[in-house]
Amino acid sequence: MQNRPSVRSLHLATAVTAVLAITAGTALATTPATAAAPLAVQAPAAPLDAAINIPQAHRILGSGPSGFLTVEFRDGVPVHRWTSTVTRTTTTLPKQDDYFAGHSDTVVSQDPATGRYQLRDMSVPGGSTAVIEGSTPGTRLRGVVGRTLLLSTFDGTKGGLRLKSEGTDADSDRAVTDLPADTRVDWAEAISPTTALVRYDAGPYPWTSHLAVVDITTARVVETRRTSAYDTAADASTDLVGIGDADHDGRADLYAAGPYGSRLYPGTGTATRPFKAGVATDIHSGPARFNSVF
């Protein structure tokens with residue numbers, strides 16, 4: 001299987017999301033569970049009417065109503081930070097290989113010692129931490145939508161996608177239906193508070209690549225399409241993210257950017273076909289990164 005660019009390396013598109021998130025709704029409340037590790041809060045940034053500077057070495061991984069998650073690699077070691085767009089302060093997170101965030105002020109990581117997933121509320125200093133028990137061997141965290149984890153499964157012949165959330169009832173661990181039995185999930189990215197864009201390969205050999213829009217509420221695939229090397233919204237794009245209502249028609253839209261240009265996929269407002277065909281834009285025409293968020 002070919003290596004493909006990670007959708008989590010969000011540069012331009014996620015920076016747009018962070019801008020929109022400043023005026024989004026109220027932050028999600030969390031239920032305290034276990035004590036969080038102490039977080040180092042760095043000095044406040046600029047005044048509230050100025051830009052938040054983001055060093056070029058940082059990449060934006062996700063955002064919520066009151067801030068955004070970044071990563072910087074120092075000698076190959078990832079350093080994750082949460083920057084508040086309300087207080088203009090930056091918090092360095094405990095060392096972990098990966099952190100996830102998607103349309104929420106909750107950041108998610110997995111404890112390598114216990115396998116448990118930790119959900120930290122970053123909307124307030126010293127926010128509460130909740131815990132979701134680890135899944136069975138062979139699962140891997142691919143993305144987060146709000147406080148719902150998107151976990152891929154594959155045992156060598158069969159695979160799929162599961163949605164795991166807090167609690168112990170049946171709805172806290174659900175399998176996404178409508179995916180092939182031999183699915184290999186590459187990545188998942190939140191594109192709205194209730195939907196995710198999922199990239200997966202399906203067999204048998206020769207494997208084919210697909211994009212699917214998954215409704216987190218129903219655990220159903222509402223749209224899927226085969227991808228190819230000529231599909232700007234798939235193989236050629238390194239940045240894929242929901243950017244809110246970009247065309248001001250009252251519906252959430254999807255933005256895709258890559259080395260060959262960018263496209264806007266207008267929302268339709270319907271669950272069966274959430275996005276229209278892509279329209280070329282001049283927002284992004286080559287490799288670029290924002291270094292400021294206003």
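**Exercise 1.** In this predicted model, find the order of the three strands in the open sheet and say which strands stand at the edges.

*Solution.* Start with the order: the sheet runs S7-S8-S9, with antiparallel pairing. Next, look at partners: S7 (106–110) and S9 (129–132) each have a single partner strand, so one side of each is left without a neighbour in the sheet. Those two are the edge strands. From one strand to the next, the twist averages 25°. To finish, zoom in on S8 (residues 117–121), which is joined to S9 by four bridges. Tyr117 has Ile132 of S9 as its bridge partner.

**Exercise 2.** Work out which parts of the chain are linked by the salt bridge between Glu133 and Arg116.

*Solution.* First check the distance: the closest N and O atoms are 3.3 Å apart, and the cut-off is 4 Å. Then place the residues: Glu133 is in the loop between S9 and S10 (139–145), while Arg116 is in the loop between S7 and S8. They are 17 residues apart. Lastly, consider accessibility: Glu133 is partly exposed at 45%, and Arg116 is partly exposed at 36%.

**Exercise 3.** Classify Arg74 and Glu72 as buried, partly exposed or exposed.

*Solution.* Begin with the contact: their side chains form a salt bridge at 3.4 Å, N to O. Buried means under 20% relative accessible area. Glu72, at 12%, is therefore buried, whereas Arg74, at 47%, is partly exposed. Now widen the view: Arg81 joins Glu72 and Arg74 in a network of salt bridges. The structure holds eight salt bridges.

Methods: Residues numbered from 1 in each chain as written. Predicted model: local features only at pLDDT ≥ 70, side-chain atom pairs only at ≥ 80, totals over all residues. Heavy atoms only, no water. Pairing = 2+ DSSP bridges. Axes fitted to C-alpha atoms, helices over the stretch in contact; angles between N-to-C directions. Buried < 20%, exposed > 50% of the residue type's maximum accessible area, 1.4 Å probe, protein only.
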